[in-house]
Amino acid sequence: MPPAKHAGMITPTGRKMLKCPLRSISPVISISKESMAVLADLQARDHDLDQLRARLGRIPEEAAGLREGLEGDKARAEEMKAQGKKLQLERKEKEVELATKEETVRKHQRELNEVKSNEAFKALQREIDLAKEGAGKIEEEVLLLMERVDESLRKEKEEAKRIEGLRQEVERKVGDLAAEGERIREDLAKKTSEREEIASRIAPETLKQYLQIRARKGGLALVPVRNGTCGGCNMKLIPQAIVEVKKGTQIVLCDGCQRILHLV
Ligand SMILES: [Zn+2]
């Protein structure tokens, strides 16, 4: 597209392109192809450092997540244990109830020998039958509760074993994360000083421009030109911009995303 067609057009960023459709910096910042290569190297290193810092930043969160998961499981196990204790208590109460009923039966049976009338005998026998029936029901309940207590104890044991395994696993993982964090910190220190050395080879004005764009664009300041389009925003570049980038004597910005264009 000839540059003239761009005159007076509104760009995607809303900026009016008047006389000069080529988005170069005013005043023009000169740069050599070699310096551009150094800048590309710097960006690759900055990207690497960004990744390392991001990973390092996620480590405490990951460790906390693992610990929280374990605490959640522990709390559920405690709840299960409390339920089990409640069942045991219920069983004991039922056993006392059963013993009382059985005692009632025995007492009435002793009294049978002392009754004088047939009527009283029959009435007492009815009492005994009722107490026996009640005791039978309670006994069933006790048996059922015993089964439930056994089941709950079995589950409790299983859960305790599982949680111990989980605790060891979490401990190992948290340890691995701490070691990873340590490695990243060492890597960061080494790579940061290497990065500083690279940055010192770049002209302050260029470096400033790069850092400003990097801050504004969240990392990517330098983008390649691919098939006549910007590798950052995919906008078709005007031929004049491509010519200038190819010349490699000055910093040329993409008109769409305001990033530094370079050839790869
Ligand atoms: Zn762009």
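User: What is Leu 261 in contact with, leaving aside its neighbours within four places in sequence?

Analyst: Leaving those neighbours aside, Leu 261 is in contact with Val 223, Val 225, Cys 230, Ala 241, Val 245, Val 252, Leu 253 and Cys 254. Two residues are in contact if their C-beta atoms, placed from the backbone, lie within 7 Å. This is a predicted model, in which local features need pLDDT of at least 70 and side-chain atom pairs count only at pLDDT 80 or more, while totals for chains, interfaces and linings use all residues. Residues are numbered from 1 along each chain as its sequence is written.

User: Why is Glu 62 called partly exposed?

Analyst: Glu 62, which lies in helix H1 (residues 33–112), has 15 other C-beta atoms within 10 Å and is therefore partly exposed. A residue is buried if 20 or more other C-beta atoms lie within 10 Å of its own, exposed if 12 or fewer, and partly exposed in between, with C-beta atoms placed from the backbone. The C-alpha atoms of Glu 62 and Leu 177 are separated by 8.2 Å, although these residues are 115 apart along the chain.

User: What makes Val 105 count as partly exposed?

Analyst: Val 105 has 17 C-beta neighbours inside 10 Å, and so it counts as partly exposed. Val 105 also lies in helix H1, and, leaving aside its neighbours within four places in sequence, it is in contact with Ile 128, Ala 131, Lys 132 and Ala 135.

User: Why are H1 and H2 called roughly antiparallel?

Analyst: H1 and helix H2 (residues 118–199) pack at an angle of about 165 degrees, with their axes 5 Å apart. Axes are lines fitted to C-alpha atoms, for helices over the stretch in contact, and angles run from 0 to 180 degrees between N-to-C directions. Angles under 35 degrees count as roughly parallel, over 145 as roughly antiparallel, 65 to 115 as roughly perpendicular and the rest as oblique. H1 and H2 are therefore roughly antiparallel to each other.

User: Why is one side of S2 and of S3 left without a neighbour in the sheet?

Analyst: The open sheet has 3 strands in the order S2-S1-S3, with mixed pairing. Strand S2 (229–230) and strand S3 (260–262) stand at the edges with a single partner strand each, so one side of each is left without a neighbour in the sheet.

User: How do you know which strands pair, and in what sense do S1 and S3 pair?

Analyst: Two strands pair if DSSP finds at least two bridges between them. Strand S1 (residues 222–226) and S3 pair in the parallel sense over 3 bridges, with Ile 260 in S3 as the bridge partner of Leu 222. S1 and S2 pair in the antiparallel sense over 2 bridges, and there Arg 226 has Thr 229 in S2 as its bridge partner.

Technical notes
Helix = DSSP H or I, 4+ residues; strand = E, 2+ residues; numbered from the N terminus.
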